[in-house]
Amino acid sequence: MNSAHSLHDLIRRRQRARFVGRQGELTRFAENLALPPEDLRRDFVFAVHGDAGVGKTFLTQRLRESAGLGGALTAYTDHRVLGPTDTMAAIAADLAGQQCPLKEFTKAHAAYAERRAEVEADPQAPDGAMSFITKSAARVALKAAAGVPVAGALTEAVDAEAFAQQMESLRVFISRKFRSQADVRLLLSPVEVLSPLFVAGIGECAGERGRPLALFFDTYERTGPLLDEWIVDLLEGRHGPLPADTVITLSGQHALDGNRWAPLRDIVCDLRLAPFSEAEARQLMAQRGVTDEHVADVILRLSGRLPLLVAMLAENQPADAAAVGDPSGSAVERFLRWEDDPRRRSVALAGAIPRSLNQDVLGVLVDDADGADGADEQDIGALYQWLRRMPFVTDSAGICQYHDVVRTAMIRLQRNQSPERWRRQHETLAHHFGRPAEGGSAGVRQDLTHDEAYHRLCASGPAFLSSALRQAARCWLDADEARAWARTLEQAGTDAGSTAVGEWGGRLQAALQETAEPLVAYYSRLLTYSGLDGPARAEALMARGACHNRENRHTAAITDYSDAHRYDPANPYVLANRGVARQQAGDAALARADFDAFIARRPDDPWAWVWRSRTALETSGTGRALADLERALTLAPAYRFALLERAHLHRTTGRYDLALQDFDRVLAGDPQDWFALTGRGLVHRLRGDFGSALEDLGAAQRIDPDNTDVPAQRALTYLALGDVPSAHDCLRIARAREPESGFALYVSALAHHQEGDLAGAVACMDAAITASPHYLWAYVVRAMLRFAEGEAAGALRDLDTAVALAKSAEDKYVSLGYRFLLRYLRRDYRPALDDLFAACDTLNADEAQFLFRLLLDADSRRPATRLVARMTASRIDPVNGGWREATKRLVRLFVRYWGLDSDTPTARQLRRRGEVGAAEFVSAEVEATIRKHLGSGLHDFPFMRLVSSVLASPSALAPSGAEPPPAELRGPLAR
């Protein structure tokens with residue numbers, strides 16, 4: 001007999017007929033799909049959310065059927081697919097089944113799978129190689145290696161430097177194994193490579209067929225943490241334009257994250273599913289044959305009107321209320337009524353105790369129930385395979401989880417029936433999860449810690465709360481880990497019936513959701529718990545301090561670190577972190593004291609020697625800083641952080657050959673290190689080797705194409721060559737990636753200035769200041785541009801702002817030095833000299849002399865202009881004996897005519913030396929100082945052209961009524 005329908009069609013038709021409720025949601029979705037994309041009423045995202053068992057999956061499947069009947073291409077994924085890469089592959093497979101293959105994506109994904117399999121199978125691959133790729137931890141780890149130290153109890157488990165070295169080993173291994181840079185990028189950044197191909201494929205497919213596209217993501221409470229950012233990026237067009245008539249449905253227990261989805265709020269339709277109304281629940285029961293009012297009342301009370309539980313309890317059409325049973329016992333009986341084997345029933349109940357289980361966990365539970373004899377591995381394997389097939393069990397890659405409604409009923413029953421057995425089972429599981437893991441990643445170890453804590457909380461309740469909160473305080477700057485702890489506490493409190501435990505979990509959950517800075521709120525809430533001991537309280541204070549320091553709230557960070565030191569004076573990492581905060585706040589002396597104290601306890605930690613070198617640079621000079629870096633490299637000869645820091649120091653002091661040697665050492669270990677390539681390119685530019693500079697910067701840009709600073713550095717190199725059009729080409733790339741990049745805007749300003757467009761240059765710095773009001777260098781550059789334009793008053797206001805913003809010694813030096821220069825050009829001598837000596841006091845003696853060079857230039861505009869032009873053209877130091885003699889005479893005249901009566905250490909030092917001694921002191925290092933500062937990043941050749949225009953500008957004329965300088969001051973320069 002022929003039939004117009006397949007069996008699958010008949011089953012789906014019957015399921016639709018049995019579907020109850022949710023008509024409003026179905027109608028709204030269908031009407032929305034019928035609207036043209038341009039209609040402002042159309043939504044592009046449907047966010048379906050509600051409690052477990054409320055019917056989200058059934059509704060999502062009905063929405064997909066509705067979209068298909070409306071002519072749309074559809075694809076469906078759920079918790080069985082993890083992460084963006086696998087999700088794209090699943091969607092591509094679904095669409096291929098509808099005669100819509102994504103050919104280019106499928107080919108690239110197959111190549112990714114093949115290359116990944118090669119890495120996994122290679123015995124030479126670094127340990128845990130693919131876990132780095134899967135978790136995309138590379139960038140975070142590398143940044144952490146040069147940032148804050150990992151502290152306290154986490155030092156061994158999550159050592160930042162070891163983590164970075166392992167990641168570098170992986171990058172080197174992959175680069176050597178796969179010569180193709182495309183393969184390397186595919187393995188290290190699969191989402192970034194595959195997503196554009198995926199988007200282009202679905203766009204081409206939907207466009208060719210003229211059909212809408214409907215994508216459905218079910219169980220989003222589990223997949224959302226992995227997919228949320230990627231889906232937002234898809235909607236915002238980061239990976240290319242989606243078809244205009246795309247509709248995405250996200251179905252999970254939780255509403256969408258308000259902060260992440262805020263920019264897209266206007267295109268989201270929020271569908272909050274509540275339990276059935278009483279009328280809907282009774283309709284479902286009537287459909288299942290339950291007509292007795294008393295039976296229906298019992299089911300309503302037992303189920304809480306959750307559709308899943310209503311359907312399960314009504315399925316067998318109980319004849320009377322006694323057949324339904326009590327709320328927990330009867331629910332479990334209904335779940336297992338079909339199973340007569342008492343051992344299997346016992347295993348099903350025991351399997352509900354852990355939050356998730358695999359065969360090993362089930363074996364622990366079975367052994368506990370069976371006693372000393374236990375069960376053999378084959379028996380446990382058969383039980384586990386049976387359990388995996390149960391309708392209330394979700395199986396994902398061998399890990400099973402019960403449906404929340406079913407598990408809640410089962411654990412409530414067991415807790416009430418036998419509290420002693422309940423406690424013993426949890427203690428047994430806590431012991432199992434607390435055993436040291438053999439191998440495995442840090443992430444796996446953290447999961448085991450969560451499970452151990454969950455079972456100890458269930459076994460002991462409030463008695464274990466203090467220990468759990470102490471562990472929760474140690475999630476170092478990891479928001480995901482903090483959320484995991486909050487969920488663990490909340491779930492343990494609910495499952496064990498412990499109000500105290502559950503309330504603490506709820507408080508931490510609320511803290512992580514109620515603020516734009518969830519970790520600060522989380523640690524603050526933990527610190528209100530009086531049961532935290534000193535070390536745990538210090539861990540929480542350190543972590544909160546790190547959050548403050550990361551947002552440049554250095555004062556708050558220092559306060560937290562100081563409190564942490566009071567609670568745990570034996571923890572040296574408190575001192576190290578406080579030293580970083582003090583250094584970044586501009587207090588080099590106190591930072592040095594903290595690093596000294598840390599090094600006294602941990603003399604073999606190279607990280608601290610590198611950080612102390614930064615304080616030495618400000619407090620003791622380059623020699624001491626270099627000595628600290630040498631010590632770090634003695635301890636760890638290949639330490640990337642130290643090599644890069646020493647290379648930077650050599651570059652800024654004009655020792656270019658030594659800088660190149662250090663950059664070469666870094667690149668010998670990792671030829672793909674874009675940061676080292678960029679640094680080496682800057683050194684080549686400063687040496688005048690522009691071809692090598694462009695080669696290195698180009699390589700860095702290919703390795704990290706999303707970086708904004710690298711194309712801006714290439715633009716600066718082209719400006720030094722005088723190739724302004726090529727510079728603008730590079731700047732367009734940089735500005736397209738980050739329109740508000742301060743450095744790119746700075747280079748754009750120099751490009752406009754080089755073209756004679758002062759107004760355009762000022763506009764660039766206006767934009768930089770609008771985007772970053774605390775960007776000190778933007779105010780300095782705009783001041784120079786305004787001064788060159790003749791706007792002296794505005795220029796000085798900008799420098800006043802820069803002086804107020806300055807925190808570090810270098811920032812104070814820059815802002816005070818250039819305000820001195822402009823004031824001196826305006827013949828405002830007394831404030832100019834105050835700035836001069838205040839700037840000198842921020843630096844050590846060898847750095848301070850550059851300000852005297854500026855003073856020398858400023859006294860006579862035309863000779864100074866020629867000097868700067870000569871420096872720019874030749875890129876060499878033109879200082880000779882004549883200039884040295886001129887400097888000596890100039891200082892003698894200052895001592896004679898102004899007396900150097902400023903109340904600063906530098907002025908007092910010069911007074912004690914007398915005219916001749918002061919002149920010798922100033923001129924002794926002029927030659928080396930000029931060379932040094934011409935080599936620094938702040939005085940690149942295009943910027944020197946700007947300085948030249950300032951010295952020749954109309955603003956440099958003495959204002960009306962200004963005191964003229966003594967004639968003798970011009971004599972040395974005239975000669």
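Visitor: Before we start, what are helices and strands here, and how are they numbered?
Guide: Helices are DSSP runs of H or I with at least four residues, strands are runs of E with at least two, and both are numbered from the N terminus. The model is predicted, so local features need pLDDT of at least 70 and side-chain atom pairs count only at pLDDT 80 or more, while totals for chains, interfaces and linings use all residues. Residues are numbered from 1 along each chain as its sequence is written, and side-chain values use heavy atoms, with hydrogens and water left out.

Visitor: Okay, how many helices and strands does the chain have?
Guide: Its secondary structure comes to 51 helices and seven strands. Of the 975 residues, 54% count as buried, where buried means under 20% relative accessible area, exposed means over 50%, and partly exposed lies in between, with a 1.4 Å probe and protein chains only.

Visitor: And what share of the contacts comes from residues 24 or more positions apart?
Guide: Such pairs account for 65% of the contacts with a separation of 6 or more, a contact being heavy atoms within 4.5 Å.

Visitor: Let's look at H27. What span should it have, and how far apart are its ends?
Guide: Helix H27 covers residues 534–550, and its 17 residues at 1.5 Å a residue should span 24 Å, which agrees with end C-alpha atoms 24 Å apart; the expected span is 1.5 Å times one less than the number of residues.

Visitor: Why is it called largely enclosed?
Guide: Because 14 of the 17 residues of H27 are buried, the helix is largely enclosed by the rest of the structure.

Visitor: What caps its N-terminal end, and what follows the helix?
Guide: The cap is Asp-533, which places a side-chain oxygen 2.9 Å from the backbone nitrogen of Ala-536, and H27 is followed by Asn-552, whose phi is positive, near 65°.

Visitor: Switching to Asp-670: where is it, and is it buried or exposed?
Guide: Asp-670 sits in the loop between helix H34 (656–669) and helix H35 (674–687), and with a relative accessible area of 2% it is buried.

Visitor: Which backbone nitrogen does the side chain reach, then?
Guide: The side chain of Asp-670 reaches the backbone nitrogen of Gln-672 at 3.0 Å. Leaving aside neighbours within four places in sequence, Asp-670 is in contact with Arg-171 and Val-172.

Visitor: What about Phe-173, where is that found, and what does it touch?
Guide: Phe-173 belongs to helix H8, residues 160–177, and is buried at a relative accessible area of 14%. Not counting residues up to four places away in sequence, Phe-173 touches Val-119, Asp-122, Gln-124, Ala-125 and Pro-126. The pair Phe-173 and Pro-126 is 47 residues apart in sequence and 7.7 Å apart in space, C-alpha to C-alpha.

Visitor: And Asp-628, buried or exposed?
Guide: Asp-628, in helix H32 (residues 622–635), counts as buried at 2% relative accessibility. Apart from residues up to four places away in sequence, Asp-628 touches Trp-609, Arg-612, Ser-613 and Ala-616.

Visitor: Last one: which residues of H38 are buried, and what covers them?
Guide: The buried residues of H38 are Val-724, Ser-726, Ala-727, His-728, Cys-730, Leu-731 and Ala-734, and what covers them includes helix H37 (709–721) and helix H39 (742–754). Helix H38 itself, residues 724–737, has 14 residues and reaches 20 Å from its first C-alpha to its last, close to the 20 Å expected at 1.5 Å a residue.

Technical notes
Polar contact = N/O pair within 3.5 Å; in protein donor to acceptor, adjacent residues only side chain to side chain.
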